[in-house]
Every structure is written in structure tokens, then in C-alpha cells.
Amino acid sequence: MIHGIINVYKEKGFTSHDVVAKLRKIAGQKKIGHTGTLDPEAEGVLPVCFGKATKLCGLLTEEDKTYEAVLLLGRTTDTQDAAGRVLSQKSADFLTEEEVTHAVLSFAGEYWQIPPMYSALKVNGKRLYELARKGQEVERKARRVSLYDVRVLHMSLPRVRMSVTCSRGTYIRTLCHDVGESLGCGGCMEELVRTRAGRFSIESAHRLEEIERFFAEEKAEELVMPVDALFCEAPKVRVKEEWEMQARNGNALPENAVDVPKSLPDDARVRLYDGAERFIALYRWREGAQEYSLEKMFFPEV
């Protein structure tokens, strides 16, 4: 069984769940999970966790992401993207490039975003897209999202290609809709590519066809990022042999239970290994208690 993360390039036409289902067949293992939904018509980076790395799915989903999107001005749809039913069509000829650039960049920072009806969010136990398909619309609470970096890459009105680095939970198609509303002509998202998710970039992403070939040639490990590599910024420490069982059970460890290269600040994260160089867990140094406490266990087996 594989334990680690593969940076997958999700192609158009697939849901994130489709990708996981295909990888289960390719890899011949069930314990696989993705780290953030991409709409079927969107493409790009989708880190997928295998085996014990599935414990990281929640953590990776929380990380910032970068997208390239094409905003089409003058059209609104029920899904806020070009694949939806057209609700309105207006000319955007009255706009200048300077006005559009100013509008796009004005969304940088934090703003309150109302999630679209065609989304997987739940309201009263129902997925919003299920209600939308029945022609129902319900009130959605606005959510505060962060756009850390917004850039206009190219403009040929009524189309605007832009790059957005944002927090988890940001809907780029809703951003396109909101920019269009602010300009008085409406807008929708025509294209979307996720170019980065946390430390995973589009340059190192692999398409399903390529992944299948690596598995067939028994070279899959060449594509896999080991679990501990995701935390390479944390110091590597070894638990002493007499404390290995306590570490594998997730118990707190005294200062003298590990081999620490230098003094650590309070709440510092460390990667804990056994004498055979096997990654066991993430621990945190607690200065007040003078001990290491468990943050997340990965390899508890003896």
C-alpha cells in the first residue's frame, strides 16, 4: 500500500470524486482522499492522499490556493460560470481597461462573499446544488474570505484573465460574478485553472494517464511525496529506544526522551522518528510542562 501524496492534475470533465475513484482502481487500494473540490469544468492542481497520508486531507484543504481564471463580462448565469443557464446579457462596451482593472483589484484583501446556490455547502441538511436543481433558492450567509493577491494577467474586453491567491472557501466564480456586478454589466467565470494548492504547484502535477503508466511500470513511488516531507520545516528528532513504545502510543514524552539538536521555543513542532528512521508522529514542545505532546500520529505500528 502507498502512503503519501500525489500531486494530480485534474482535467476538465472529471469531478474530484471521479479522480479518487479512478486512482483507487489504478492503485488497487481504497484508502485515498482528495484535498479540495474542483468543479467538473475546472482543472489543475489536486493533491491526493494515499494510505496514512489521508490523515492530512483536512490540513491540506485548509491551505491557501492560487487560481487563474477568465472573467467574461456582460453575462450572468445561474451557476456563475459559462456552463450555466444565461440569466442576463449586457454589453460591456462602455467599460475601459482602467475601470475594469480597478474593479478587479478592489477585491484584494478581505470581503464578504455569498456562496453560490450551485455549491456543495449544506443548508438545513441539504446540499445547495440539490435545491438549485429543483429551482429553489434559499438564503445563504455571507462568509468572510481573504484574497491575498489579485492580478490582471491579460485583458481583451469583455474577457479578463486574472490570478487570485486566496483562502480556503473562496469561490472564484462568485468573485467573477461580484466583479461584474460592481461594474454594472454582470459577469461570469469562463475558465478556471488551479495553479497551486499549498506547496503543490501545477508544474509538478501529473495527469491520470501518466499516473496509470507509472503504476503499471511499478514506479509509482517516484510520484509520491512522503508524509514527513510535508513538514520539512519542522526539526527532525529521534525518540530514544526505551521511549519508543510510549511514543507509538501517543503519550507525552519528557525532554530527555528525544535527541534534540538544539533548544526549541515553546509550541515548536518536531518530526519524531524511531531508531530505524521511521516517521512516527508530529509532536509539540511544551515549555511549561517541559515535555513533548502529541499533535498527530501517523505510524503507530511497532
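A salt bridge is counted where a side-chain nitrogen of Lys or Arg lies within 4 Å of a carboxyl oxygen of Asp or Glu. By this criterion the structure, which is a predicted model, holds 21 salt bridges. The table lists examples.

| Salt bridge | Closest N and O atoms |
|---|---|
| R168 and E62 | 2.6 Å |
| E190 and R159 | 2.7 Å |
| R269 and E295 | 2.7 Å |

R168 lies in the loop between β11 and α5, while E62 lies in the loop between α2 (57-61) and β4, so their pairing ties together parts that are 106 residues apart in sequence. R168 is partly exposed, with a relative accessible area of 46%, and E62 is partly exposed as well, at 45%.

The pair of E190, in strand β12, and R159, in strand β11, links distant parts of the chain, 31 residues apart; E190 is partly exposed at 27% relative accessibility, as is R159 at 37%.

R269 belongs to strand β18 (residues 269-273) and E295 to strand β20 (residues 291-297), so this pair ties together parts 26 residues apart in sequence. Through shared partners, salt bridges join R199, E233, D267, R269, R284, R286 and E295 into one network.

Leaving aside residues up to four places away in sequence, I172 touches Y67, A69, V164, C166, M189 and L192.

Definitions and conventions: Residues are numbered from 1 along each chain as its sequence is written. This is a predicted model: local features need pLDDT of at least 70, side-chain atom pairs count only at pLDDT 80 or more; totals for chains, interfaces and linings use all residues. Side-chain values use heavy atoms; hydrogens and water are left out. Contact means heavy atoms within 4.5 Å. Helices (H or I, at least four residues) and strands (E, at least two) are DSSP runs, numbered from the N terminus. Buried means under 20% relative accessible area, exposed over 50%, partly exposed in between (1.4 Å probe, protein chains only).
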